[in-house]
Amino acid sequence: MLGILVFAGLVIAAIPAMAADSANSSLLTFIFGDSLTEVGNNNFLQLSLAKSNYPWYGIDYNGGQATGRFTNGRTIGDIISSKLGIPSPPPYLSLSKVEDAIYRGANYASGGAGILNNTGLYFIQRLSFDDQINAFNKTKQAMKSKLGGVVAEKLCKEAIFFIGMGSNDYVNNFLQPFMADGQQYTHDEFVEILVSTLEHQLLRLYLLGARRMMFHGLAPLGCIPSQRVKSRRGECLKQVNRWVQKFNSKVNKLLISMNRRLPTAQLTFVDTYEQVMDLINNPGAYGFKVSNTSCCNVDTSIGGLCLPNSNLCKNRKEFVFWDAFHPSDAANAVLADRIFTTFFRHPHSPSPSPSPSPSLS
C-alpha cells in the first residue's frame with residue numbers, strides 16, 4: 001500500500017557513510033514493506049489474494065510483463081537501487097537458501113503486509129512485518145552457515161535496511177468498517193498499539209544485526225484515490241491525514257529514542273508527507289496533469305486494483321497514481337530522485353522513465 005510513497009522523505013538526518021556507499025557495487029540492501037516495494041514475493045504464495053502478476057501491471061517495466069510489482073513500471077526501490085549502482089534485490093521467496101544470491105540482499109516486501117499481524121487478513125496469505133523479520137532471520141542463519149558468524153555480522157552491520165510499513169494498518173485494517181480494530185479502538189489507542197508493536201519489531205532487527213535502518217513515514221493516505229471516493233466531492237479525507245501525521249510524529253520520536261538507547265544504532269526517519277502532498281496538490285510543477293484519480297480505470301468497490309479488463313489512460317506519464325493505491329512509474333521516478341538527492345547527497349543523473357509500450361486506447 002501507499003506506505004512507500006514513503007521513500008520521498010525530506011526531514012532526515014543523513015547517514016554520512018551512505019554517500020560513499022552509493023558508488024559501491026557491493027552495497028548490501030534488505031527491503032521490508034508492503035505492495036509499494038514488493039517485487040514478487042506474493043507470486044509464491046499460492047492462496048494470496050494480494051497479487052499483481054497479470055496485465056496491466058508491468059506494462060512499462062522491462063519487457064512489458066507483470067512481475068508482481070504493484071505499478072506500471074518500477075518501484076521506488078528499483079530506481080534507488082539503480083542509482084546506487086546495484087541490482088534491485090530479488091524477492092526473498094524466489095531465492096534458494098543455498099545460492100549465493102541470498103547473500104547479496106533480498107526484498108521481503110509483501111502486498112497486504114502490515115505492522116500488525118491481523119492487517120490484511122482477508123488477503124489470506126501475505127508476509128506481515130513479523131513474517132518478514134522471521135524470513136530475514138533465516139537469511140542471517142544461512143549467511144552464518146556459509147560465510148561464518150564474524151563475516152555475517154559484519155555484512156549485516158554495514159547493510160542498509162529499508163523499511164516501509166504502516167499504510168495497510170490503516171487502509172486495510174483501521175479504516176475498514178468490517179475489521180475489528182476500527183470498531184474496538186479509538187485512533188489514539190490504535191496508534192499506540194502500532195508504535196509499540198513497531199518498537200519490538202525494530203528491536204528484533206537490531207538484535208539480528210541490523211544497524212542502519214531507514215524507516216519511511218506514511219504519505220497523506222487520505223488523498224489516495226481509494227480514500228477520495230469516500231468523499232462526495234472526491235476530496236482528500238482530512239481526518240485520515242491527521243491520523244497519518246500523528247503516526248509519523250510518534251514513529252519519529254520512537255526512532256530518536258531508540259538511537260539513544262541502542263549502541264551503534266542508526267535509525268533514520270524519512271518523512272515523506274509534505275513532498276507527496278505537494279506532488280498531489282501541484283502535479284503540474286512535476287510534469288503531471290492528474291493526481292486525484294488513477295491512470296487505470298479501477299473499480300474501488302471490488303478492491304481498486306488494475307484488472308486485465310480495465311481501461312488505461314492515454315498517457316501514463318501524466319498521472320501520479322497508477323491504480324487506487326499505488327503511484328505510477330513516473331511518480332516513483334520523481335520521488336526517488338528527490339530522496340536520492342536529499343538522502344545520499346551524491347551526484348547522479350536523473351532516472352528516466354522507461355519508454356511506454358504503445359497506447360492501449
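**Entry 1: Ala324**

I looked up what surrounds Ala324 and found that, with neighbours within four places in sequence left aside, Ala324 is in contact with Ile224, Pro225, Ser226, Ser294, Val298, Thr300 and Gly304, where contact means heavy atoms within 4.5 Å. Ala324 sits in the loop between strand 7 (319–321) and helix 11; helices (H or I, at least four residues) and strands (E, at least two) are DSSP runs, numbered from the N terminus. With a relative accessible area of 0%, Ala324 is buried, on a scale where buried means under 20% relative accessible area, exposed over 50% and partly exposed in between, taken with a 1.4 Å probe on protein chains only. I also noted that the C-alpha atoms of Ala324 and Val298 are separated by 6.8 Å, although the two residues are 26 residues apart along the chain.

For the record, this is a predicted model, in which local features need pLDDT of at least 70 and side-chain atom pairs count only at pLDDT 80 or more, while totals for chains, interfaces and linings use all residues. Residues are numbered from 1 along each chain as its sequence is written, and side-chain values use heavy atoms, with hydrogens and water left out.

**Entry 2: the chain as a whole**

I counted eleven helices and seven strands in the protein chain. Buried residues make up 58% of its 361 residues, and of the contacts with a separation of 6 or more, 73% are between residues 24 or more positions apart.

I then followed an open sheet of five strands, whose order is 2-1-3-4-5 with parallel pairing; two strands pair if DSSP finds at least two bridges between them. Strand 2 (106–107) and strand 5 (266–270) stand at the edges with a single partner strand each, so one side of each is left without a neighbour in the sheet. Strand 1 (residues 29–32) pairs with strand 3 (residues 160–163) in the parallel sense over four bridges, and Phe32 stands opposite Ile163 in strand 3. Helix 3 (residues 129–147) packs on the sheet and touches both strand 1 and strand 3, its direction making about 155° with that of strand 1; axes are lines fitted to C-alpha atoms, for helices over the stretch in contact, and angles run from 0 to 180 degrees between N-to-C directions.

**Entry 3: salt bridges**

How many salt bridges does the structure hold? I found twelve, a salt bridge being a side-chain nitrogen of Lys or Arg within 4 Å of a carboxyl oxygen of Asp or Glu.

The side chains of Asp78 and Arg69 meet in one of them, at 2.7 Å from N to O, and both Asp78 and Arg69 are buried. Asp337 forms another with Lys83, where the closest N and O atoms are 2.8 Å apart. That pair links distant parts of the chain, with Asp337 in helix 11 (residues 329–344) and Lys83 in helix 2 (residues 76–84), 254 residues apart; Asp337 and Lys83 are both buried.

Glu199 and Arg261 form a salt bridge with closest N and O atoms 2.9 Å apart, again linking distant parts of the chain, from helix 7 (residues 187–207) for Glu199 to helix 9 (residues 238–261) for Arg261, 62 residues apart. Here Glu199 counts as partly exposed because its relative accessibility is 26%, and Arg261 is partly exposed at 44%. Elsewhere, Lys140, Glu153 and Lys157 are linked in a network of salt bridges.

**Entry 4: Asn248**

I returned to helix 9, where Asn248 is found. Asn248 is buried, with a relative accessible area of 5%, and, neighbours within four places in sequence aside, Asn248 is in contact with Gly217, Leu218, Phe269, Asp271 and Tyr273.

**Entry 5: pocket and cavities**

On a 1 Å grid over the protein atoms alone, a cavity is a set of points where a 1.4 Å probe fits but cannot get out, a pocket is an open set with protein on both sides within 12 Å along at least five of seven lines, and lining residues have an atom within 4 Å of a point. Grid points are joined across faces, edges and corners, and a volume is the space filled by probe spheres set on the points.

The largest pocket has a volume of about 520 Å³ and is lined by 27 residues, of which Phe123, Asn172, Gly303, Gly304 and Phe325 lie nearest its centre. The elements that give two or more residues to this lining are helix 5 (167–174) and helix 8 (225–228), and helix 5 gives the most, with three residues.

The structure also holds three cavities of 30 Å³ or more. The second largest cavity, with a volume of about 40 Å³, is lined by Ser35, Leu36, Phe70, Thr71, Thr75, His326, Pro327 and Asn332.
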